[in-house]
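Grab a pencil and have the viewer open. Try each exercise before you read its solution.

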Amino acid sequence: MRMSLFTIRPAWLGGTLWLLIGVTAALAPVAQAQSVSGRAYGAFVQSPLGTQQSAVAVLPAVTADDGAMADDAADAMSVPGTLTTEALTGTTSGGIGDAAAAQSVATVFNVNLLNGLITASSLTATVSSTSDGAQATSNALGSTLADLVVNGVPLTSGDGSIAPNTRMTLPGVGYVVLNEQLSSGDGVRTSGLTVNLIHVVLQNALTGIQTGEIIVGSASSNAAM
Amino acid sequence: MCRQITRSFVPGLVAAALFAWGCDRPAAPAGPKPSLWFTPGPENCQAGPKFTGGGRIDPTEGKTTFGFNVNAQDWCSSARGTIKGQLQTVYHPTQTLVHSLGIDAFESYASGRINRKTGRPGQCAHFAGPARVKDGNGPWNYNVRFEATACDNGEPGSSPGRGPDQYGISLSDGRSLPLTDLTGGNIQAHPTH
């Protein structure tokens, strides 16, 4: 069958239009994705003997019509020879409106790690992330370690901050990263930040192979618009 | 300044205590409010029905961390609406933990501060409800009410280290933290479109 140019052109245009609509629809969820997530916990211990975590709060799914919050608390946590603390809390909340925003807070009191190798009277991890689709930012303002002592060396007196990602060797044990900050996102639509106030990596003294880890005072937030 | 509280949802002695406490504490630095607040309806939700927030304040009374989510969309749109959400606050000096058991009153209004980004006044939420409270590892006290105020005055909420967002909370047992600039975290008002 032969078709004239007059009859072919509308059909071709129609097909192209549908193709464009299909491509647009396929891309739309990516371009308009709005989401927030958050997580906070008091302490996490992983060793050959197992894994323990306390005061864990994970932000449930948030829609554009509703916000959400999660929280948890514990009176204390004890892993003999590894960690003891008094009260621990984790709180995370988020919502989506003109901007997407999530914020998380973890608190831990009277921390003692590895039989006094690291002590602190309290830890406060605070992170927040916001995105309005044109600018996305995160920060850890308000994150502090009070009366922190590492391997006998006082690092803060009262409530104080430590430079992000401060690494110290713990002879015979491994190393610790203080105020560990892990960021993500493109800074335009998406932004995220995780703060681990004390992150101890346990290593085999001979091989250096990681045998476990301890994280105390962790808060994460992510926002995308 | 003494503000009027609808007593229908606050029975007996708690109502009296809350009323007295409302009279004693200093007024929040915010814009004009209706004479009858804590009453459902759109006239008392002028800054929107939904807020979330979390972070830290450092008033002279002591470091405090918090998180909350409040959705009063039903409350703001009808005379019998309910309020969804929850709140947790930790007052560090005494390791006092406040956890909401519900939210039964809400209002929102323009803040006394201007949001630098929008050029418009910030937005404040004021909400209240029953709570359980404990100090350290002591027992929970379930006979307490909380009243919190949170203001979204711009983004980020705690940059460059203090404010512009604000948070404050009072308990019916007499303890109170004034509306204070955030030193970490964020308050977010979520307008309904």
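**Exercise 1: the make-up of chain A**

Of the 225 residues in chain A, 44% are buried, meaning that 20 or more other C-beta atoms, placed from the backbone, lie within 10 Å of the residue's own. This is a predicted model, where local features need pLDDT of at least 70 and side-chain atom pairs count only at pLDDT 80 or more, while totals for chains, interfaces and linings use all residues. Residues are numbered from 1 along each chain as its sequence is written, and chains are lettered from A and ligands numbered from 1 in the order in which they are written.

Task: work out how many helices and strands chain A has.

Solution: go through the DSSP runs, taking H or I of at least four residues as helices and E of at least two as strands, numbered from the N terminus. Chain A comes out with 1 helix and 18 strands.

**Exercise 2: where the chains touch**

Task: find which element gives the largest share of chain B's side of the contact with chain A.

Solution: start with the contact, which counts residues whose C-beta atoms, placed from the backbone, lie within 7 Å. Chain B puts in 32 residues and chain A 35 residues. Next, list the elements of chain B that give two or more residues: β1 (50-57), β2 (64-71), β3 (84-91) and β9 (176-189).

Definitions and conventions. Contact = placed C-beta atoms within 7 Å. Buried ≥ 20, exposed ≤ 12 C-beta atoms within 10 Å, placed from the backbone.
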